[in-house]
Amino acid sequence: MTESKPRPKLKKEAVAMPKQNPKVRKDNFNEVAQGYSEQDALEEANRCLQCGKPQCVAGCPVEVPIPDFIKLMKQGKYEEAIKKIKEKNALPAICGRVCPQEEQCQQKCVMGKVGEPVSIGRLERWLADWERNKGVEAPSKVPDTGKRVAVIGAGPAGLTVAAELSKLGHKVVIFEALHLAGGVLVYGIPEFRLPKSIVQSEVDYVKKLGADLCTGYLVGRVYTIPELLKNGFDAVFIGTGAGLPSFMGIPGENLGGIYSANEFLIRVNLMKSYKFPEYDTPIRIGRHVAVIGGGNVAMDSARSALRLGAEEVCIIYRRSREEMPARHEEIENAEEEGILCKFLANPIRFIGDEKGWVKAMECICMELGPPDESGRRRPIPAKGSEFTMPVDTVIIAVGRTPNPIIQSTTEGLEVTKRGTIATDENGKTNIPGVYAGGDIVTGEATVISAMGAGKKAAKAIHEYLSKKKS
Ligand code: FAD
């Protein structure tokens with residue numbers, strides 16, 4: 001009788017991500033998470049149980065075949081593994097770094113029931129980095145269908161539509177208002193979380209698939225959508241995001257030293273203020289910085305302010321830690337770096353000095369009431385709990401809404417009360433041949449949800465083009 005070999009015991013804990021030391025990284029803009037070694041990656045891949053009915057795939061808005069790519073990885077077939085991912089996701093190095101996996105694929109991983117889920121995002125990142133380091137191959141071109149599609153906005157939604165439609169042989173031109181493609185990935189998320197070179201190489205991949213990129217082109221001001229359709233484009237996709245900052249509407253908000261997170265992060269990311277004097281675009285940062293908000297934008301602003309030399313950075317959030325919408329990993333990273341958090345508090349006015357610069361902030365404590373429409377408990381001001389905090393810089397990160405330029409220059413385009421573009425579940429607007437997806441439809445959301453919307457819209461556009469007579 002042959003004895004069956006005992007199965008190796010599966011590790012309950014995920015392989016830890018090597019990171020820069022918090023004491024060192026709080027003074028530089030280099031990437032915090034250093035990425036797995038090959039050995040780490042294989043050890044983590046081996047924790048995947050290869051479930052018969054994998055739940056993780058259902059948790060991914062672009063349906064990456066997760067067990068399949070991990071299986072190939074375990075067999076050392078890295079080339080095939082990254083190809084498997086790219087069948088569904090053209091931006092794996094980006095998603096591996098910034099997706100909220102803990103709420104998506106990893107939340108559904110059965111390993112999470114006995115310990116920590118498999119670190120799917122870190123494996124995706126490792127494979128994408130492996131491929132980039134060896135050189136990304138240009139995919140073989142498919143025959144031209146003769147159909148032309150204009151994609152407006154080069155954020156994750158637009159790049160996904162461009163990749164999917166190029167793979168099907170349609171000629172795509174991406175029109176981007178800024179001088180660089182990537183959307184929030186380049187102008188919002190800082191270098192220490194997502195290096196710009198990584199975004200650039202994934203944008204290059206989309207171009208290799210056949211899409212043309214036209215930067216510095218503000219649709220609505222140069223050409224409008226009706227003009228694009230008249231000038232030879234068969235369909236249009238709108239992926240213009242939600243780039244307009246929201247403010248609090250409280251007294252003193254116009255004082256010097258108060259920034260919207262958008263302005264602050266654009267100065268840091270695109271104008272490279274952290275590289276002053278190499279880049280002659282400095283940003284004034286005080287000693288005591290307050291950041292208002294609890295999402296990824298607040299975390300990125302707070303951690304950038306710390307790196308720019310602030311002595312103390314405090315996040316003021318009106319709900320509790322449990323309700324914070326930021327990625328868990330980034331909240332932990334921020335705390336490790338010494339960012340302070342004041343929960344259940346909200347500013348009610350900013351106080352200025354005689355020269356018009358902010359010097360303090362009056363806040364009120366909050367209590368949590370019943371859940372609101374977002375499902376989170378509603379914060380309610382506690383009477384008589386006002387307190388004052390000295391501050392010399394404030395960064396407001398309380399939300400973003402769509403820029404109305406496209407909506408106001410496209411006659412008849414249906415828009416919701418929130419200013420987002422109305423579509424069906426496949427991104428179809430009320431104008432034939434015009435589709436939309438990403439933050440411009442949902443309001444501010446996530447990279448992967450924008451990509452998921454892009455995939456659905458690309459499928460619908462392809463169907464539309466297949467039926468359309470030239
Ligand atoms: P965007 O990324 O906003 O791209 C829209 C593009 O359209 C921009 O490049 C813009 O310049 C261009 N554009 C706008 N109007 C025009 C026009 N008229 N003509 C031509 N071009 C135009 N999500 C995560 O999943 N994980 C994170 O860690 C995360 N962190 C974030 C941090 C910050 C600071 C911010 C601001 C957001 C973060 N998000 C994160 C959210 C995520 O980045 C967005 O949900 C996502 O980028 C939306 O993609 P999009 O393609 O719809 O729009």
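Tutor: Two strands pair if DSSP finds at least two bridges between them. Keep that in mind as we look at this predicted model.

Student: How do you know that β7 pairs with strand β8?

Tutor: Five bridges join β7 to β8 (residues 312-317), and the rule asks for at least two. The two strands therefore pair, and they run parallel. Within this pairing, I292 stands opposite I316 of β8.

Student: What makes β14 a partner of β7?

Tutor: Here four bridges join β7 to β14 (residues 393-396), again in parallel. At least two are needed, so β14 pairs with β7. One of the residues involved is V291, whose bridge partner in β14 is I395.

Student: Why is β7 called largely enclosed?

Tutor: Strand β7 covers residues 288-292, and four of these five residues are buried, so the rest of the structure largely encloses the strand.

Student: Why is the pair of Y259 and F264 called tilted?

Tutor: Their ring centres lie 5.8 Å apart, and the limit for a pair is within 6.5 Å. Their planes meet at 50°; under 30 degrees would be stacked and over 60 edge-to-face, so this pair is tilted.

Student: Are Y259 and F264 buried or exposed?

Tutor: Buried means under 20% relative accessible area. Y259 has 10% and F264 has 0%, so both count as buried.

Student: How do you know that R307 sits over the ring of F192?

Tutor: The charged end of R307 is 3.9 Å from the ring centre, and the distance limit is within 6 Å. F192 also forms an aromatic cluster with F29 and Y274.

Note on methods: Residues numbered from 1 in each chain as written. Predicted model: local features only at pLDDT ≥ 70, side-chain atom pairs only at ≥ 80, totals over all residues. Heavy atoms only, no water. Buried < 20%, exposed > 50% of the residue type's maximum accessible area, 1.4 Å probe, protein only. Phe/Tyr/Trp six-rings, centres within 6.5 Å; stacked < 30°, edge-to-face > 60°. Lys NZ or Arg CZ within 6 Å of the ring centre and 35° of its normal.
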